Amino acid sequence: MFESVLVANRGEIARRVIASARRLGIRAIAVYSEADADLPYVAEADQAVLIGPAAPASSYLDRDAILAAARATAAQAIHPGYGFLAENPEFAASVLTAGFIWIGPSPESMAQMGDKINARNLMERAGVPVSAGTREPVADVQAALAAADQIGYPVMIKASAGGGGIGMTAAADSGQLTAGFETARTRAERFFGNPAILLERYVERARHVEVQILGLPDGRVLALGERDCSVQRRHQKVAEETPSPGVSPQLRARMLAAASQAGEAVSYLGAGTVECLVDVDAQDFMFLEMNTRLQVEHPVTELVTGIDLVEQQFLIAAGEPITFDPAHVTSNGHAIELRIYAEDSKRFLPSPGLIEEWVEPAGPGIRVDAGYRSGNRVTPYYDPLLAKLCVHGTDRTQALDRAAAAAAAFGISGPKTNLQFHAELLESAEFRSGDYDTSLVSRLRP
Amino acid sequence: MAEVRAEMVANVWKVVAAEGESVADGDTLVILESMKMEIPVVAEDSGTITRLAVAEGDVVQEGDLIAVIE
């Protein structure tokens, strides 16, 4: 095993990775921007390096600053977390060229999956079901209209280089497609530096279900169960659970097999996620995209399997055996993650500010992955995730009840939070029934 | 006269309207960006923009003046 790891990220995920590193006796090195000097992850690392001002482009996205910090601290490995540079194959390649261990898949696998059009085509060839959609970038509105006629409305307009739900727009007819296409292109260019757009059939009564995969050095790709991520606002996840209440055992078996196949098609190494749409009525699924990194919602998988996914990432990157027997992975009980965002509970608008009070819930089955503590300032420069409140129960009912009690006991004052929204979600008949889809939040907040 | 103020700390990403322009209720004046989200600031009344107090790249605090519509 390597002796030191630099975590090229911030907030809760930096803290999460640092915790596993320290538990395993690996020296953990944090990097931070001027805005983040007081956050818990900086204090908890063995060493911390200031890499630049608040703006992400000058700090967490500054490849040279991160590599310089790794050299200065004699780090042996680099863990990218999620977001920022985590899915950037050029960065991964420069990490390897500079002689560090990259904790993630090869830059080649990342590049193959990073472009959504390419990923769709590759998956289709590998025999993984994909939704009806374009096989090459859509050049202009005329081409989009022609493609949509083939695919059938409604369609989803997506940035090929995109992620995190940013820049995705659904169009119900040609008027909406015409209106939305240029906006989508502009955003794709601005956020991802690549204006390529694809269109996909938009499934209305769909669940968003993903499979955790783990690629081993011997070429096997394990599928460690699914996560239901259908609770979304603005196409971004708000709560996740495993197992998915909308997936039958038969469908689960097919999805897990397809996810392994998808990973093997790109020689995937380490932790990754295969995201799918599940057509609730048809009990069928389609490949959406692969995330070539640790996922925000990985804790729910950890809670039901008892596997530390970050530890497996370290072991795989070091070329050592994983800690569990792939033939005997069991899933126990039910786990739910609530993303606690610095945003109001009604309109979900961002609310940065000084955290005056921060009291985390505790108790059986409760895990809090937090990026902040009281006295910290939440700044407008980064995403609004404050913490992930994760709960584990022997069954879904117990998990729901524990989640409701824990959400009520979470005390945050200062920035507005979506805790009230979560309380309503956990009480709603639709969520409690398990029979919900990606439109749930818009029904709760019409 | 209506004053349009920022609802939160944010960066001014785009200034869509200009001083002297007439706007209708619901027209976008500027687009703010905070926590990786674009937030359009819209006119809540129709009239003429007599003052536009922000420029692209500015940082606004909660309550800061963005525009005056008369």
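Reader: Which residue just after H9(A) takes a positive phi of about 50°?

Author: This is a predicted model, in which local features need pLDDT of at least 70, side-chain atom pairs count only at pLDDT 80 or more, and totals for chains, interfaces and linings use all residues. Residues are numbered from 1 along each chain as its sequence is written; chains are lettered from A and ligands numbered from 1 in the order in which they are written. Helices (H or I, at least four residues) and strands (E, at least two) are DSSP runs, numbered from the N terminus. The residue with that phi, just after H9(A), is A:Ser267.

Reader: How far does helix H9 of chain A reach from its first C-alpha to its last?

Author: H9(A) covers residues 249-265, 17 residues in total. The expected span is 1.5 Å times one less than the number of residues. For H9(A) that gives 24 Å, and the model comes close to it, with a reach of 24 Å.

Reader: What covers the buried residues of H9(A)?

Author: Buried means 20 or more other C-beta atoms within 10 Å of a residue's own (exposed: 12 or fewer; partly exposed: in between; C-beta atoms placed from the backbone). In H9(A), the buried residues include A:Met255, A:Ala258 and A:Gly263. Their cover includes helix H6 (116-125) and strands S9 (206-215), S10 (221-233), S12 (270-279) and S13 (284-291) of chain A.

Reader: How many residues of S10(A) are buried?

Author: S10(A) has 13 residues and is mostly covered. The buried count is 10.

Reader: Which residue in the turn between S10(A) and S11(A) has a positive phi?

Author: Strands pair if DSSP finds at least two bridges between them. S10(A) is joined to S9(A) by 6 bridges and to S11(A) (residues 236-242) by 4, antiparallel in the S9(A) case and in the S11(A) case. The S9(A)-S10(A) hairpin has 5 residues between its strands, with A:Gly219 at a positive phi of about 100°. In the S10(A)-S11(A) hairpin, 2 residues lie between the strands, and the one with a positive phi, about 50°, is A:Arg234.

Reader: Which residues does A:Ala30 contact, leaving aside its neighbours within four places in sequence?

Author: Contact means C-beta atoms, placed from the backbone, within 7 Å. The partners of A:Ala30 are A:Val7, A:Ala14, A:Ile18, A:Tyr41, A:Val42, A:Ala45 and A:Ala48.

Reader: What is the radius of gyration of chain A?

Author: The radius is taken over C-alpha atoms, and the globule rule is 2.2 Å times the number of residues to the power 0.38. For 446 residues, a compact globule would have a value near 22 Å. Chain A agrees, with 21 Å.

Reader: How far apart are the C-alpha centres of domain 1 and domain 2 of chain A?

Author: Domain bounds come from an automatic or database domain assignment. Chain A is divided into domain 1 (4-103), domain 2 (132-201) and domain 3 (206-444). The centres of domain 1 and domain 2 lie apart by 34 Å.

Reader: Which strands stand at the edges of the open sheet in chain B?

Author: The sheet has 4 strands in the order S1-S8-S6-S3, with antiparallel pairing. Each edge strand has a single partner, so one side of each is left without a neighbour in the sheet. The edge strands are S1 (2-5) and S3 (22-23).

Definitions and conventions. Two residues are in contact if their C-beta atoms, placed from the backbone, lie within 7 Å.
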